[in-house]
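Have the viewer open and follow along.

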Amino acid sequence: MSEQTGAGASSRHTPVLLQRCLDLLAPALAAPGAVMVDSTLGMGGHTEGVLRAFEHVRVVGIDRDPQALALASERLAPFGERFTPVHAVYDEIREVLDRLGIAEVQGVLMDLGVSSLQLDEAERGFAYAQDAPLDMRMDPTTGPTAADVLNTYDERDIARVLRVYGEERFAARIARGVVRRRAQAPLTRTSELVDIVRAGVPAATRRTGGHPAKRTFQALRIEVNGELAALERAVPASVEALAVGGRIVVESYQSLEDRIVKRALAVGATSSAPPDLPVEPATHAPYLRLLTRGAEEADADELARNPRSQSVRLRAAERLRPTPDHLRTPRRAA
Ligand SMILES: C[S@@+](CC[C@H](N)C(=O)[O-])C[C@H]1O[C@@H](n2cnc3c(N)ncnc32)[C@H](O)[C@@H]1O
């Protein structure tokens, strides 16, 4: 793994739609003593922007990747006690805040997916363009690797992962290729997987639509890291951590993530009263106000500055009142 410094962190990842995130969070972060959780700290780009823009705000930065935490902590050291790094999965936000003695927060920011650091570190196996071990864990200290998935799942499950998480049309053919190959020897390298994908995707398709292994790699990364299940839990848990007037901003990079975010925010922004009631009881009134009309995308300026913003979908909401008891998510067992 190459030597990286905190200063390196700032040049490796340009935060997507930073000014828009700051503008959306500003009314909530103006409160004295405001706390924001950056649930996807990464290289700390968004957090640095927040710490600079709002001089009294404290940021709790969560990441499941210890390397990202180390680099971002070095970068953000000048902010002293205004920044607290935490190694956790973002659906643990309530437990993280309890440990820090924080009852509620004024902002939550989520910038989903992998960071440029993770893609650039060839050895971590996220990139189809470089040969590396089939790992793909955002937290390399725990959990199954991409090799474990490919060598132990049955053919139907591999195909399901590729079809559902990668929207891969040739999922069944690629899964068959994996099972055939592993009958000779377990798969260990990303280059073997790329070869299998190339053989499974018809030549005419290979000539269009980018690298043929892109969808397969995305699907495996989502499976290895349980990304969608964590997100399904994290959005409601984050909304519940917000004080009244607090705001949440989420940036997604593919349709499955964006759909989860859209639905979770819609639950809070819609009356939960049965439609036939003549008067809406206060407990059923919406407890969120959507701050974006649909999902916002990057404009031409942002696209020119930051190619990562190409697929971004940004949604944001403000908490209007506490979550009614009948919609509260149960606390996880300690
Ligand atoms: C796109 S990057 C964030 C970049 C950051 N906003 C910046 O400006 O530098 C996403 C980060 O979220 C982390 N991450 C993804 N899923 C996570 C999860 N479920 N829990 C905690 N961290 C997660 C990844 O490890 C990665 O470092």
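Of the 24 residues around the ligand, which come nearest? They are His46, Asp63, Tyr90, Asp111 and Gln118. Please keep in mind that this is a predicted model.

A polar atom in the side chain of Asp63 sits 2.7 Å from an oxygen atom of the ligand. For Gln118, an N or O atom of the side chain lies 2.8 Å from a ligand oxygen.

Gly45 takes part through its backbone: one of its polar backbone atoms is 3.1 Å from an oxygen atom of the ligand. As for cover, the ligand on its own has 610 Å² of accessible area, and the protein covers 100% of it.

## The space and its shell

If you turn to cavities, you will find that the largest cavity is the space taken by the ligand.

What is the make-up of the shell around the ligand, sorted into nonpolar, polar and charged residues? The shell holds 9 nonpolar, 10 polar and 5 charged residues.

## Two domains

Zooming out, the protein is divided into two parts: domain 1 covers 3–117 + 227–327, and domain 2 covers 122–225. Their C-alpha centres lie 30 Å apart.

How many residues of each domain are in contact with the other? On the domain 1 side there are 13 residues, and they are in contact with 13 residues of domain 2.

Terms used. Residues are numbered from 1 along each chain as its sequence is written. This is a predicted model: local features need pLDDT of at least 70, side-chain atom pairs count only at pLDDT 80 or more; totals for chains, interfaces and linings use all residues. Side-chain values use heavy atoms; hydrogens and water are left out. A residue is near a molecule or strand if one of its heavy atoms lies within 4 Å of it. A polar contact is a pair of N or O atoms within 3.5 Å; within protein, one must be able to donate a hydrogen and the other to accept it, and residues adjacent in sequence count only if both atoms are side-chain atoms. Accessible areas come from the Shrake-Rupley method with a 1.4 Å probe; for residues, only the protein chains shown count as cover. On a 1 Å grid over the protein atoms alone, a cavity is a set of points where a 1.4 Å probe fits but cannot get out, and a pocket is an open set with protein on both sides within 12 Å along at least five of seven lines; lining residues have an atom within 4 Å of a point. A molecule sits in a cavity or pocket if more than half of its atoms lie within 2 Å of its grid points. Ala, Val, Leu, Ile, Met, Phe, Trp, Tyr, Cys and Pro count as nonpolar, Asp, Glu, Lys and Arg as charged, and the others, Gly among them, as polar. Domain bounds come from an automatic or database domain assignment. Contact means heavy atoms within 4.5 Å.
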